[in-house]
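A short report goes with it.

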Amino acid sequence: MKIGILGAGSIAHKMAATVSSMEGTEIYAVASRSYEKAEAFAKQYQIPKACADYRQMAADPSVDLVYIATPHSHHYDHVKLCLDQGRNVLCEKAFMINSAQAKEVVRLAKEKNLLLAEAIWTRYMPSRTIIREAIESGIIGEVTSLTASLGYVIKDKERLIRSELGGGALLDLGVYPVNFALMAFGDDYAEVSADAVLSSQGVDLQNSITLKWKDGRMAVLHSNMQALTDRRGIIYGDKGYLQVENINNCEAVSAYDLDRNLVKQYEIPPQISGYEYEVEACRRAIEHGETECKEMPLANSVAVMELLDRIREILGIRYACE
């Protein structure tokens, strides 16, 4: 499978380095607004084609899949561009700026019978199955709640402080606690509440989100671009709790009893970077003529965007790019 990377920032470098260590997949082209940047990127990873025009790369029939690695604010236009040119697409999270955009690109992908997938890597990782099976095994009993946080000191990054780029903690970091909760408890939450500290530009510097299910289960979630958090996800039951180290890229899963004694340590498989799982999922889907990945169906991507819309409505956040 030949991949074209649209955008040449830090996350694109991580993807290129990952694919370089994979078999059956290669980076065939990279596109940046600056040819010099695209050329340097191509030389670093021995990529055959460098483009200064996104459309030029998207129009190349040799590209089997375009990986979109641009800011959130540009995802909608770039996904549409690639789909219009007949390319399958793997788009970085957050999928879009809002659910209206998400629904439109999903409609277009289905119309053109092309693959479209959201690159929310935690949905594709083996740890997702490990956590679900641990819960279902009953090792921590009847589950009633969970907590999850993700925070880094990234408050000075341009793409995060500017409203016109879809900045703030929610779309960049908050998607991980949200997806962690939905993977553990399901998408059928009944209530949502939220609070946040907003910047002078009207984006959230940190936020707190509470989801409640009809059966009484609750998820208390936090993301923060002003401080480093422990990145832990903890799922609580009446026989103990399950502790997940690093909800952004799971490093360990441990079960504890009511006396806080470790009762089981789950093995996390070795990986290249974690990005390989979403790439492999796309490769399998394309080979089987499928237009979405079973690990993150498009309906789930739309549902997450609808939840993020609801949270922003509660917080009073509207992006300048909407």
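The report covers helix packing, then the pocket and cavities, then the backbone.

## Basis

The model is predicted. Every value below is computed from it.

## Helix α5 against α10

Two packed helices are described by the angle between their axes and the distance between the axes. Helix α5 spans residues 99–112, and helix α10 spans residues 298–315. Their axes lie 8 Å apart, at an angle of about 165 degrees. Angles over 145 degrees count as roughly antiparallel, so α5 is roughly antiparallel to α10. The crossing of α5 and α10 is left-handed.

From α5, the contact takes S99, A102, K103, V106 and K110. From α10, it takes L298, V302, M305, E306 and D309. By class, the contact of α5 with α10 has 5 nonpolar, 1 polar and 4 charged residues.

## Helix α4 against α5

Helix α5 also packs with α4, and here the axes cross at roughly 5 degrees. The axes of α4 and α5 come within 10 Å. The cut-off for roughly parallel is under 35 degrees, so α4 and α5 are roughly parallel to each other.

On the α4 side, the contact is made by Y76, V79, K80, L83 and D84. On the α5 side, Q101, E104, V105, L108, A109 and K112 take part. The contact of α4 with α5 divides into 6 nonpolar, 1 polar and 4 charged residues.

## Helix α8 against α10

Helix α10 has a contact with α8 as well. The axes of α8 and α10 cross at roughly 120 degrees and come within 11 Å. Roughly perpendicular covers 65 to 115 degrees, and roughly antiparallel needs over 145. The two helices are therefore oblique to each other. The crossing of α8 and α10 is right-handed.

Helix α8 brings L170, L171, V175, V178, N179 and L182. They meet V304, L307, L308, I311 and R312 in α10. The contact of α8 with α10 holds 9 nonpolar residues, 1 polar and 1 charged.

## The largest pocket

Rolling a probe the size of a water molecule over the atoms shows where empty space is left. The largest pocket holds about 1100 Å³ of space. Its lining has 39 residues. Those nearest its centre are G9, S10, I11, A69 and R159.

Helix α4 gives the largest share, 4 residues. By class, the lining of the largest pocket has 14 nonpolar, 13 polar and 12 charged residues.

## Cavities

How many cavities of 30 Å³ or more does a search of the whole structure find? There are 2. The largest cavity contains about 150 Å³ of space. It is lined by 13 residues, with S127, R128, I131, F180 and M183 nearest its centre. Helices α6 (126–136) and α8 (169–185) are the elements that give two or more residues to this lining. The largest share, 5 residues, comes from α6. The lining of the largest cavity divides into 9 nonpolar, 2 polar and 2 charged residues.

The second largest cavity contains about 40 Å³ of space. Its lining is made by M125, P126, S127, N249, C250, I268, P269, Q271 and Y277. These divide into 6 nonpolar and 3 polar residues, with no charged residue. S127 lines both cavities.

## Backbone points to check

Most residues other than glycine have a negative phi, and most peptide bonds are trans. A94 sits in the loop between β5 (88–92) and α5.

Q46 is found in the loop between α2 (35–44) and β3 (49–51).

Definitions and conventions:
Residues numbered from 1 in each chain as written. Predicted model: local features only at pLDDT ≥ 70, side-chain atom pairs only at ≥ 80, totals over all residues. Heavy atoms only, no water. Axes fitted to C-alpha atoms, helices over the stretch in contact; angles between N-to-C directions. Left-handed = near helix turned anticlockwise from the far one by under 90°. Contact = heavy atoms within 4.5 Å. Nonpolar A, V, L, I, M, F, W, Y, C, P; charged D, E, K, R; others polar. 1 Å grid on protein atoms, 1.4 Å probe; cavity = no way out; pocket = protein on both sides within 12 Å on 5 of 7 lines; lining within 4 Å. Points joined across faces, edges and corners; volume = space filled by probe spheres on them.
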